[in-house]
Amino acid sequence: MHGNKQHLQKDFFLYNASKARSKTYINMREVSQRFRLPPSEYVIVPSTYEPHQEGEFILRVFSEKRNLSEEVENTISVDRPVPRPGNPDQEREEQQQFRNIFKQIAGDDMEICADELKNVLNTVVNKHKDLKTQGFTLESCRSMIALMDTDGSGRLNLQEFHHLWKKIKAWQKIFKRYDTDHSGTINSYEMRNAVNDAGFHLNSQLYDIITMRYADKHMNIDFDSFICCFVRLEGMFRAFNAFDKDGDGIIKLNVLEWLQLTMYA
């Protein structure tokens with residue numbers, strides 16, 4: 001495990017019993033405990049007294065023998081999707097069907113606005129009876145258009161809408177995988193794994209921000225908020241990579257570039 005700073009998943013704690021813990025689990029400002037453990041690698045997990053509470057910890061470890069300690073944390077990154085080979089004849093047939101549906105929605109200009117996007121997405125989502133949701137809001141659809149609007153028109157053409165549709169279908173599969181009770185929501189811990197499954201690798205601070213921004217008072221995230229979060233992550237990573245010309249993970253923006261980026265996202 002040494003050198004691996006990846007966040008430990010739930011399965012790790014299911015199949016690895018704790019080697020030591022404080023004798024009394026109590027809500028105190030300071031907890032101290034002495035342990036005698038054989039040489040090995042250990043993970044120290046501090047926690048708040050109640051679940052879903054925010055807290056800051058000062059963790060001090062005194063050891064009689066020389067030891068090496070480091071924080072377990074993810075590196076912030078995004079996976080680049082690898083195109084999968086498909087059946088050319090089937091793809092051409094699907095594209096033609098998609099074009100016909102899009103033309104019915106968009107009209108002669110072959111572009112759709114946020115209102116039209118909302119109508120078509122909610123029509124499709126409502127057909128999925130196993131997906132409990134009240135549908136997408138207008139604000140969510142505006143965010144989707146901002147993500148996919150490569151020509152700055154404020155509307156989506158056929159190619160942009162097709163790309164968005166493929167992403168929503170992929171994210172919907174992830175949501176249904178974690179919504180095991182079919183409640184139409186997933187909890188904040190499941191959201192962490194869902195984000196990772198979608199190819200976004202974040203640190204604990206960012207996961208906390210996602211929970212504060214998109215979860216309700218019970219720390220649950222509904223389908224609309226789930227898609228909104230993924231749309232925002234996709235857009236922010238794409239924008240950052242566009243500015244990060246040399247790939248060093250650092251960008252420099254002037255105030256106009258910053259406002260254009262954040263106001264339209």
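**Figure 1. Overview of the predicted protein chain.** The protein chain exposes about 19,600 Å². Carbon and sulfur atoms supply 50% of that area. The model is predicted. Nine helices and six strands are found in the chain. It has 265 residues, and 29% of them count as buried. Take the contacts between residues at least 6 apart in sequence: 62% of these join residues at least 24 apart.

**Figure 2. Close-up of the largest nonpolar core.** This core holds 46 residues. Which of them touch the most other members? They are Leu117, Leu121, Met144, Met191, Val195 and Phe226. Seven helices are listed as giving two or more residues to this core: helix 2 (88-106), helix 3 (114-126), helix 4 (138-148), helix 5 (158-178), helix 6 (188-197), helix 7 (204-214) and helix 8 (223-243). In soluble globular proteins, nonpolar side chains tend to be buried together.

**Figure 3. Close-up of Met144 and the residues it touches.** Met144 is one of the core residues that touch the most other members. Leaving aside residues up to four places away in sequence, Met144 touches Leu117, Leu121, Phe136, Leu164, Ile168, Ile227 and Val231. Among these partners, Leu117 and Leu121 also belong to the group with the most contacts to other core members.

**Figure 4. Close-up of a nonpolar surface patch.** Val255, Leu256, Trp258, Leu259 and Met263 make this patch. Its area is about 590 Å². Trp258 sits in helix 9, which spans residues 255-264. Is Trp258 buried or partly exposed? Trp258 is partly exposed, because its relative accessible area is 48%. That value is over the 30% required of patch residues.

Conventions. Residues are numbered from 1 along each chain as its sequence is written. This is a predicted model: local features need pLDDT of at least 70, side-chain atom pairs count only at pLDDT 80 or more; totals for chains, interfaces and linings use all residues. Side-chain values use heavy atoms; hydrogens and water are left out. Patches are made of residues with over 30% relative accessible area and no salt bridge: like charges are joined within 9 Å, nonpolar side chains (Val, Leu, Ile, Met, Phe, Trp, Tyr) within 5 Å. Accessible areas come from the Shrake-Rupley method with a 1.4 Å probe; for residues, only the protein chains shown count as cover. A salt bridge is a side-chain nitrogen of Lys or Arg within 4 Å of a carboxyl oxygen of Asp or Glu. Helices (H or I, at least four residues) and strands (E, at least two) are DSSP runs, numbered from the N terminus. Buried means under 20% relative accessible area, exposed over 50%, partly exposed in between (1.4 Å probe, protein chains only). Contact means heavy atoms within 4.5 Å. A nonpolar core is a set of buried Ala, Val, Leu, Ile, Met, Phe, Trp, Tyr and Cys residues joined through side-chain atoms within 4.5 Å.
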